[in-house]
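Reader: I should like to study this chain step by step. May we proceed by question and answer?

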Amino acid sequence: KAAVPDLTTVAKRNGGKFASTTVENMILGKDKMAAAHGNADMPIWGPIFRGVSSSDDMAKLRVANLVKYIEGMQAK
């Protein structure tokens with residue numbers, strides 16, 4: 001199994017730029033990430049957020065908040 005990625009180094013691993021769209025797509029399960037993602041022990045959050053509320057806007061807000069949180073924890 002692949003090691004769990006360090007979420008504080010997302011920008012560092014991307015040449016110093018935080019790629020919010022890429023992170024969002026990973027959360028939603030839109031990226032080809034099967035090898036790094038592993039099995040269902042670590043869920044793709046997009047479907048879970050959509051299942052919590054019938055509002056698609058709320059699901060989008062939850063994902064956006066998570067992306068912003070991960071961006072804020074990047075190593076300086």
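Reader: What share of the contacts in the chain with a separation of 6 or more comes from residues 24 or more positions apart?

Author: This is a predicted model, and its contacts can be sorted by separation along the sequence. Among the contacts with a separation of 6 or more, those between residues 24 or more positions apart account for 48%.

Reader: How many helices and how many strands does the chain have?

Author: From the N terminus on, the elements run α-α-α-α. The secondary structure therefore comes to zero strands and, by the DSSP runs used here, to a number of helices that is four.

Reader: Which element of the chain has the highest mean pLDDT?

Author: The chain averages a pLDDT of 80, and 76% of the residues score at least 70. Among the elements, helix H2 (residues 34-37) has the lowest mean, 50. The highest mean, 90, belongs to H4.

Reader: How far apart are the end C-alpha atoms of helix H4, and what span should its residues have?

Author: Helix H4 covers residues 56-72, which is 17 residues.

Reader: Within what arc do the buried residues of H4 fall, seen down its axis?

Author: The buried residues in H4 are Ala59, Val63, Val67 and Ile70. Seen down the axis, they line one face of the helix, because they fall within an arc of 75°.

Reader: Which residues are exposed on the other side of H4?

Author: A residue counts as exposed when its relative accessible area is over 50%. On the other side of H4, the exposed residues are Asp57, Lys68, Tyr69 and Gly72.

Reader: Is Gln74 buried or exposed, and what is its relative accessible area?

Author: Gln74 has its place in the segment after H4. The cut-off for buried is under 20% relative accessible area. Gln74 therefore counts as buried, with a relative accessible area of 9%.

Reader: Which backbone nitrogen does the side chain of Gln74 reach at 2.8 Å?

Author: Gln74 touches Leu7, Thr8, Thr9, Val10, Ala11 and Phe18, not counting residues up to four places away in sequence. A polar atom of the Gln74 side chain lies 2.9 Å from the backbone nitrogen of Val10. At 2.8 Å, the side chain of Gln74 reaches the backbone nitrogen of Ala11.

Reader: How far apart in space are Asp6 and Gln74, C-alpha to C-alpha?

Author: Asp6 is in the segment before H1, and it counts as partly exposed at 40% relative accessibility. In sequence, Asp6 and Gln74 are 68 residues apart. In space, their C-alpha atoms are apart by 9.6 Å.

Reader: Which residue just after H1 takes a positive phi?

Author: Helix H1 covers residues 20-28, and its buried residues are Val23, Asn25, Ile27 and Leu28. Just after H1, a positive phi of about 80° is taken by Gly29.

Reader: What percentage of the residues of the chain count as buried?

Author: The chain exposes about 5,600 Å², of which carbon and sulfur atoms supply 59%. Of the 76 residues of the chain, the share that counts as buried is 24%.

How values were computed:
Residues are numbered from 1 along each chain as its sequence is written. Side-chain values use heavy atoms; hydrogens and water are left out. Buried means under 20% relative accessible area, exposed over 50%, partly exposed in between (1.4 Å probe, protein chains only). Helices (H or I, at least four residues) and strands (E, at least two) are DSSP runs, numbered from the N terminus. The expected span of a helix is 1.5 Å times one less than its number of residues. The arc is that of the directions from the helix axis to the C-beta atoms. A polar contact is a pair of N or O atoms within 3.5 Å; within protein, one must be able to donate a hydrogen and the other to accept it, and residues adjacent in sequence count only if both atoms are side-chain atoms. Contact means heavy atoms within 4.5 Å. Accessible areas come from the Shrake-Rupley method with a 1.4 Å probe; for residues, only the protein chains shown count as cover. pLDDT is the predictor's confidence in each residue, from 0 to 100.
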